[in-house]
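User: I am new to this structure and would like to understand how its descriptions are reached. Could we go through a few of them step by step?

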There are 2 protein chains.
Amino acid sequence: MRDKEHVFNVARIVADTYQAGNDVAVVVSAQGDTTDTLVAKAAEISARPNPREMDVLLSSGEQISIALLAMALQELGCPAISLTGWQAGYETNRAYSKARIKNLNTERIESEIARKKVVVVAGFQGINVNDDITTFGRGGSDTSAVAIAAAMKADRCQIYTDVDGIYTADPRIVPNAKRLELISFDEMLELASLGAKVLNNRSVELAKKYGVTLEVLSSLDPKPGTIVREVLNMNEGMLIKGAAKDEKVAAVTITDVPDVPGINFKIFSLMAQNKINVDIILQASGRGGNMDVIFTVPQGDAETVREILEENLPLFQGSSVSIDTTLAKVSIVGAGMQSHPGVAAQMFEALSDANINIRMVSTSEIKISVLVAKEDADRALVAIHNAFDELPS
Amino acid sequence: MRDKEHVFNVARIVADTYQAGNDVAVVVSAQGDTTDTLVAKAAEISARPNPREMDVLLSSGEQISIALLAMALQELGCPAISLTGWQAGYETNRAYSKARIKNLNTERIESEIARKKVVVVAGFQGINVNDDITTFGRGGSDTSAVAIAAAMKADRCQIYTDVDGIYTADPRIVPNAKRLELISFDEMLELASLGAKVLNNRSVELAKKYGVTLEVLSSLDPKPGTIVREVLNMNEGMLIKGAAKDEKVAAVTITDVPDVPGINFKIFSLMAQNKINVDIILQASGRGGNMDVIFTVPQGDAETVREILEENLPLFQGSSVSIDTTLAKVSIVGAGMQSHPGVAAQMFEALSDANINIRMVSTSEIKISVLVAKEDADRALVAIHNAFDELPS
């Protein structure tokens, strides 16, 4: 909610939903650049501001939004009441700035809804067992919303964004990308983790866990959006749901590791202990019983990974560690991929036709990812999107 | 706390106090124009924003301040923790925007102080019995501070402001006004109610009730300020503590009221029922057994008073109501005034010498007030201040 117009625009959508006879709880984020302004204020004070105080600071942004939206709803004749995270009953663990919801005590929300009020809840925030304010990290307001929908067994959790749904690819890169009417949780999770930034993964995971039907739609253009839900009667045919790219990957190579059991375990348990998210893994058997182990990690973790691995090189008897940050990951997502072996071949053909070199490949039940040079990423996205665009779905 | 420099300035004062071996709780207001910005945001949404939501909105201002000050203290190596009003234990009544503290549950504050932390508390805010956020109105942060000092039996409650103490008159009007070293609660209350805006009355009343010694001093120039406390061994001599003016008064005249018992009661109980603060009262016996009743009220209440009185004129058989808003009240405050009958005379002489006409007079144990024309108010203030400046005190 950037400004007054936007606040009233949201208020009108909420009031319409309420006046159609629905019980409504609405979760809001901070206005426009409020969060950035607060982060800048903290940066002026300290290079490494205390995480607890950072959460006290940032949570004020949503507190401002809920008050303004509640006022706007009342102005439209719609009874409304704002609730901060702690008032709404979000109980979290102690992890400041990336807290996880442990429990949502819906007593207050329920009593306000029973009084026929629209409940306006501050997203992104809760309190821990010490009554200290915690925040959920980027995209945390979606998670707040899904948590309410789950706890209240809501018919639907509508996520209003600045786009009108989930697309088969980023329309800024692939102009003929299509809006989806329906996508499954798993497909959405793959797309989100691949760099489609509409919904954050934690909120989709939560929705999947509690069977909450999501709808992604635009607050500026209120037509039906994309439904995200469990899709049980999967069509037998191939259903490519989308293509996405992620430029924030780094490929890590450890050379000359002995090709013996247990080495992999040592490397990847080390990554897990350090909470590094490992994605594509490739083992190339090498010269004389040794091999190279190659895997990708988020680019932001690359230097940490280098330090950890170099410190522990003797542990897995490798000879060197190298990091390549010139690559991007381009993927297609869709159910039924495993049972259509031609998909990977078709993807490779499209890339070959576009003269794009593939560096690594990874496949799962519902996705195929390739690593290509960063400068080829956009062309690769267009090529594979358009290749599958021709497919019957 | 306007900006980064000001935050660190306050942090340094607090850190010094802590490092001198004191347990410290510090109460902060919103930064600079934050409150005005938030009020403007609400005004964009609604001409009469909901008071509960207004308190949710405004309380975010102090929440921002406490986080930033706690960060700055930590940056200076001083262990600190911020607490919002509800975290700090301020329990209030339900009166949004002008809530009164019913109880301060100091459990959290005490436990943090026991851990040798500086507690940074959001002033101006608490929660009511429904866990809804309330605010205390203008000057509310002083009240928050006095409440902590009272509950924790603090040695002193220092109020840092943009002036370096309490003056015998507003130095912008009376250039030779002097800074006081000591003033009693009662004198401070009279001065404050007369328009000296350094401390709000509620905080002084609370300090008087719990015997909390206040010190008013400047955050920019940290030398000893003015002490406000119970002064028991009152000097026998006359002690003029200050002169002040209040331009926001209206004189109300009800003409031709019968001079019979009970009429006054009817008029002033009507004012009390409507929560109108009546100050100076003057009854001029009139023609033929009738009289005019004249009294002053805050100028902001003038139109309400006119409506109430005109509606009820038959009740006290008056013939008309007139309101005069061209007057100002100028007063001197000091203990021992009653026992020095020459004070009023000297005040009148000073005003006469300055050719200023007196419209009404009121005296109490520790103050003498006169009503003069608004355009004469500044000259009157200088004249009476300087007249008493000559007195031995």
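User: How many salt bridges does the structure hold over all chains?

Analyst: This is a predicted model, and over all chains the structure holds 42 salt bridges.

User: What makes the pair of Asp164(A) and Arg179(A) a salt bridge?

Analyst: The closest N and O atoms of Asp164(A) and Arg179(A) are 3.9 Å apart. The cut-off for a salt bridge is within 4 Å, so the pair counts as one. Asp164(A) and Arg179(A) both lie in the loop between β8 (157-161) and β9 (182-184) of chain A, 15 residues apart.

User: How many salt bridges does the rule find across the interface of chain A and chain B, and how do you know that Arg108(B) forms one with Asp132(A)?

Analyst: Across that interface the rule finds two salt bridges. Between Arg108(B) and Asp132(A) the closest N and O atoms are 2.8 Å apart, and because the cut-off is within 4 Å, this pair meets the rule. Between chain A and chain B there are also 20 residue pairs in polar contact, with both residues at pLDDT 80 or more.

User: Which elements of chain A supply the side that touches chain B?

Analyst: At least two residues each come from α1 (4-19), α2 (34-45), α3 (51-75), β2 (80-83) and α4 (85-88) of chain A, and the largest share, 17 residues, comes from α3(A). The residues of this side divide into 23 nonpolar, eleven polar and nine charged.

User: What area do chain A and chain B bury between them?

Analyst: The two chains bury about 3300 Å² between them, with 59% of it on carbon and sulfur atoms. Of the area that chain A buries against chain B, Ile45(A), Met71(A) and Trp86(A) supply 21%, more than any other three residues.

User: Why are α6(B) and α8(B) called roughly parallel to each other?

Analyst: Helix α6 (residues 140-151) and helix α8 (residues 201-210) of chain B pack at an angle of about 10 degrees, with their axes 8 Å apart. Angles under 35 degrees count as roughly parallel, and therefore α6(B) and α8(B) are described in that way. Among the residues that make the contact are Val146(B) of α6(B) and Leu206(B) of α8(B), and the residues of this contact divide into six nonpolar, two polar and two charged.

Conventions:
Residues numbered from 1 in each chain as written. Chains lettered and ligands numbered in written order. Predicted model: local features only at pLDDT ≥ 70, side-chain atom pairs only at ≥ 80, totals over all residues. Heavy atoms only, no water. Axes fitted to C-alpha atoms, helices over the stretch in contact; angles between N-to-C directions. Helix = DSSP H or I, 4+ residues; strand = E, 2+ residues; numbered from the N terminus. Parallel < 35°, antiparallel > 145°, perpendicular 65-115°, else oblique. Contact = heavy atoms within 4.5 Å. Nonpolar A, V, L, I, M, F, W, Y, C, P; charged D, E, K, R; others polar. Buried area = accessible area lost by both parts, 1.4 Å probe. Salt bridge = Lys/Arg side-chain N within 4 Å of Asp/Glu carboxyl O. Polar contact = N/O pair within 3.5 Å; in protein donor to acceptor, adjacent residues only side chain to side chain.
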